[in-house]
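Take a look at the charged pairs first, then at a helix packing. The model follows.

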Amino acid sequence: MLAVCVLVYGEGQEAEVRYKEFATHQKALTTLRNWLSSQKVTHVAMESTGVYWKPVWYALEKHFQLLLANPFQVKALPGKQTDKRDSHWLAELLAHGLIAGSFVPPEQTRAWRDLTRYRVKLSEEMNRIQNRIHKVLEDASIKLDTVVSHILGGTGRSIMEGIIEGKEDARQWAERAQGSWRGKRAQLELALHGRVSEHHRFMLKELLEDLRFVEEKILRLDKTLSGSVDWELVTRLCTIPGVDVITAWTLLAEWGSDMRVFPNSKKAASWAGLCPGNKESGGKRLSGRTRKGNRWLRRGLCQAAWGASRKKDCFLNAFFQRHKAKHGAQKAVIATAHRLLLIAYCILRDGTTYQERGGDFYDQLNAARTRQRLIERLRRLGVPVTISSPVPAVPSTATSQALEPAPPAQALASSPGNQPPASVPAIQRKRGRPCQCAARQIACIHRLPLAPTPVATPPVATL
């Protein structure tokens with residue numbers, strides 16, 4: 001049942017309230033559309049309730065300007081909530097412009113979304129079947145996973161086919177090894193000695209049939225997706241480290257290709273639930289936990305972030321390691337996923353491709369400070385450090401294009417052979433606000449030794 005409320009405003013009068021109820025089948029929804037047109041309605045707001053809002057949306061989207069309201073933002077007070085009152089409350093909020101409509105993608109994007117989300121469920125089901133197969137092998141005392149890295153690869157499947165047939169022994173099963181695994185036939189033979197019964201053979205046969213069935217369904221979905229998506233957009237998204245074709249499909253299915261639906265990249269990150277939470281009371285920051293968002297997009301970007309964190313000489317890897325050292329791996333993954341989202345947003349909005357900054361991007365931001373920190377760290381470990389003849393630093397190609405050469409390093413701590421020239425003053429003020437140490441009648445702590453006279457190339461520490 002649908003509870004519908006229409007507010008009719010007159011000049012200098014209170015709004016006239018008109019209620020009506022409709023069924024939810026297609027014929028009743030057509031009647032609803034005709035009744036709203038007869039009332040000269042132009043804007044319609046509805047509450048998002050599971051999947052039940054979708055038939056109503058599809059029946060009205062080409063005839064009215066629709067707004068889909070988040071129930072968390074428009075819920076009524078407890079104890080005063082009925083369907084009739086809810087419809088009246090939504091109508092009043094809509095009349096005063098107090099409803100922020102949720103993002104509803106166009107029809108083609110919704111079709112892609114159904115396909116990619118179903119593919120995720122099939123992939124999860126395939127993982128569950130693989131775990132069941134491993135459980136059956138363990139029950140039969142077959143330790144295939146101790147030798148073969150992937151029990152469902154070519155070698156593993158060939159061995160399981162031999163086990164199902166039941167006409168061979170462990171030595172003959174080991175002879176089914178393929179490729180580089182043929183060099184480990186002796187280890188395979190030891191691992192394949194077990195207690196295989198007819199029950200195990202039956203279970204393996206059924207599970208392998210289930211696995212092949214799910215794999216065929218995933219293959220059909222991949223063919224359907226590859227024939228309908230815009231491959232020019234997919235190719236540009238795949239230039240981002242960690243993003244593959246599946247992740248690019250997910251981005252296009254959950255976002256669409258038109259970024260004008262989001263005012264800026266921050267709104268897009270908030271919608272996806274990949275930005276820090278904002279919870280403050282009494283001037284205190286209580287929690288920075290991320291809010292709930294699009295879990296499908298968040299899942300794909302977090303997987304891409306893990307992949308990017310393992311790519312060598314990559315800015316995203318440096319970004320991940322920088323946050324991991326400060327906040328831990330889990331928060332670093334969310335931060336990297338947020339950065340991936342911002343990059344993908346700019347690529348789709350501007351029609352560009354990913355520009356690599358290099359793995360030493362943060363080191364080259366302030367090369368002098370980086371050298372000073374590393375030298376001081378070696379000295380704290382008890383390693384003597386001396387300055388040898390200057391050797392020119394060679395930053396990565398991507399970094400050298402993005403950054404200008406860094407200034408020379410600040411002077412090292414006083415040590416034999418590392419004294420600054422006598423012509424250089426002994427003290428230097430730090431940047432920032434004026435020093436207040438004299439007014440507080442304390443010894444000044446805001447003065448540091450000056451750097452040595454700049455040279456053409458930075459010094460290099462040798463051990």
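A salt bridge here is a side-chain nitrogen of Lys or Arg within 4 Å of a carboxyl oxygen of Asp or Glu. This is a predicted model, in which local features need pLDDT of at least 70, side-chain atom pairs count only at pLDDT 80 or more, and totals for chains, interfaces and linings use all residues. Residues are numbered from 1 along each chain as its sequence is written, and side-chain values use heavy atoms, with hydrogens and water left out.

By the salt-bridge rule the count comes to 21. R185 pairs with E175, with the closest N and O atoms 3.4 Å apart. R185 lies in helix α8 (residues 185–191) and E175 in the loop between α7 (170–174) and α8, so the bridge ties together parts ten residues apart in sequence. Helices are DSSP runs of H or I, at least four residues, numbered from the N terminus.

R113 bridges to E254 at 3.3 Å between the closest N and O atoms. This pair links distant parts of the chain: R113 is in α5 (residues 107–139), E254 in α11 (residues 245–255), 141 residues apart. R113 is buried at 13% relative accessible area, and E254 is buried at 1%. Buried means under 20%, exposed over 50%, partly exposed in between, with a 1.4 Å probe and protein chains only. R113, R117 and E254 form a network of salt bridges.

Now the helix packing. The axes of α13 (residues 295–308) and α15 (residues 329–350) come within 8 Å and cross at roughly 105°. Axes are lines fitted to C-alpha atoms over the stretch in contact, with angles from 0 to 180 degrees between N-to-C directions. That makes α13 roughly perpendicular to α15, a label for angles of 65 to 115 degrees.

Key. Helix = DSSP H or I, 4+ residues; strand = E, 2+ residues; numbered from the N terminus. Parallel < 35°, antiparallel > 145°, perpendicular 65-115°, else oblique.
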